[in-house]
Amino acid sequence: MDFLNDNIKKKYFKYLAAAFGSALITSIYSIVDMAMVGQYHGPEGSAALAVVAPVWNIIYSFGLLMGIGGSVLFSTIRGKGGGNEAKSNEYFTASVIGSVILAAVIWMLIIFFDRDLLLLFGAQDNTLTLAREYVKPIKPAIPLFLFNQMLAAYLHNDKNPTLATGAVLSGGIFNVFGDYFFVFACDMGAFGAGLATAIGSAITFIVMLSHFFSKKNTLRLIRPTGLPDKLRRICVTGFSTFFIDVAMGILTILFNRQIMEYLGTNALAVYGVIVNISTFAQCCAYSVGQASQPIISTNFGADKGDRIQQTLKYALGTTAFFSILWTVLSLAIPNTFIRIFMDPTPEVLQIAPAIFRCYGISFLLLPLNIFSTYYFQALMKPVTAFIVSVARGLVISGILIYLLPAAAGADSIWFAMPITEALIAVYVVSRMIRYTRQLKPDGETNHIRQAE
């Protein structure tokens, strides 16, 4: 496979299929766990896993920080040619070292301070007990979750996206059946769901390691020069993708508090379903970014602007499809989603359509805004990607979540994300047009100016 010469359309859609499968299975992990534990322990079981959710956000986001940040630099260097394989592998090695350090820190925090963390995330009484039961078998496998995110990014950039998808799929299938077996057949409850998840992550890790024994593998561990500077560049490049996952956890906490203050438990139950739908929509956007990033990064390094523009065309078409799909579904069948995730009361069914139809408008621009961070990263524009991710994930959204209910009434909180996505989209489109116009036709060695 050749990022610089192969047919762009075939290459993009092959990578899209692989990335979509990986992203979808990853999101199903937490949803299946919550469904199984909720069926076994009741509402307290679902609440316990909701409390654990920020833990996953932290682990996955640091894996993406090292994986996306390093692999963008890895592919850009390789696109320049001239025997730069050793130099690109210095970034792979730096990503591995960074992942080991971060995994060790997170591992120690969760092993020794799991109770404090879960209390911080909202656990109380029996919810805390169930959450700790779920986390207990996961503790030994915590580094694997971070390594899996990092390795998946590099496998995509080392031209083996199929293996990355197969690895995630293998672990995901085991997790689904393992959940049922351990939770119900073995009567382990929350502990069994955690055990299935831990084993599933180990299976994914083992399958990914097989890449290093294949003929396709060009990844090598070599001694990196200037390790601190390389880790800094990886963190700067990957920060935007990292922050998207972190912000999702922060926004959920902000929404939870405001909804309980202004609207009550029934509205919070509906929001819980919306979070799951939003997770699927975001996974679709991730898949577009992960499919296009290796192609764009490599061709950016080789000064092939025409191929970048072709890739962008297919990526924007895909984001438009996902935007329309999730918006239409949210507006058309809100109560169907409610019934999938819970046994609703009449009160919940009464308020859900209006909530879905306000919040669901945000899905029209969500895929574009998330994809844009991958695009800007691939063009070595980390500052622009940073502005998009932080403004969308915390600054504008956070202000609106607190301001709208106080200024315009409780129900106006559901417009916080549609307004946020619209404001961010204006900036995204303007930057995207500017940077794309600066790309030079294939063969002209004049990059986009690096200063932002």
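**Close-up views of a predicted model**

**View 1. Salt bridge between Arg392 and Glu421**. In this predicted model, the side chains of Arg392 and Glu421 meet in a salt bridge at 3.1 Å, N to O, the term being used for a side-chain nitrogen of Lys or Arg within 4 Å of a carboxyl oxygen of Asp or Glu. Arg392 belongs to helix α14 (residues 382-408) and Glu421 to helix α15, so the pair ties together parts that are 29 residues apart in sequence; helices are DSSP runs of H or I with at least four residues, numbered from the N terminus. Both Arg392 and Glu421 are buried, that is, under 20% relative accessible area, where over 50% is exposed and in between is partly exposed (1.4 Å probe, protein chains only).

**View 2. Salt bridge between Glu90 and Lys230**. The side chains of Glu90 and Lys230 meet at 3.2 Å, N to O. The pair links distant parts of the chain, with Glu90 in helix α3 and Lys230 in helix α8 (residues 227-262), 140 residues apart. Glu90 counts as buried because its relative accessibility is 13%, and Lys230 counts as buried at 10%.

**View 3. Salt bridge between Glu133 and Lys136**. These side chains meet at 3.2 Å, N to O; Glu133 is partly exposed, with a relative accessible area of 30%, and Lys136 is partly exposed at 43%.

**Notes.** Residues are numbered from 1 along each chain as its sequence is written, and side-chain values use heavy atoms, leaving out hydrogens and water.

Notes. This is a predicted model: local features need pLDDT of at least 70, side-chain atom pairs count only at pLDDT 80 or more; totals for chains, interfaces and linings use all residues. Helices (H or I, at least four residues) and strands (E, at least two) are DSSP runs, numbered from the N terminus.
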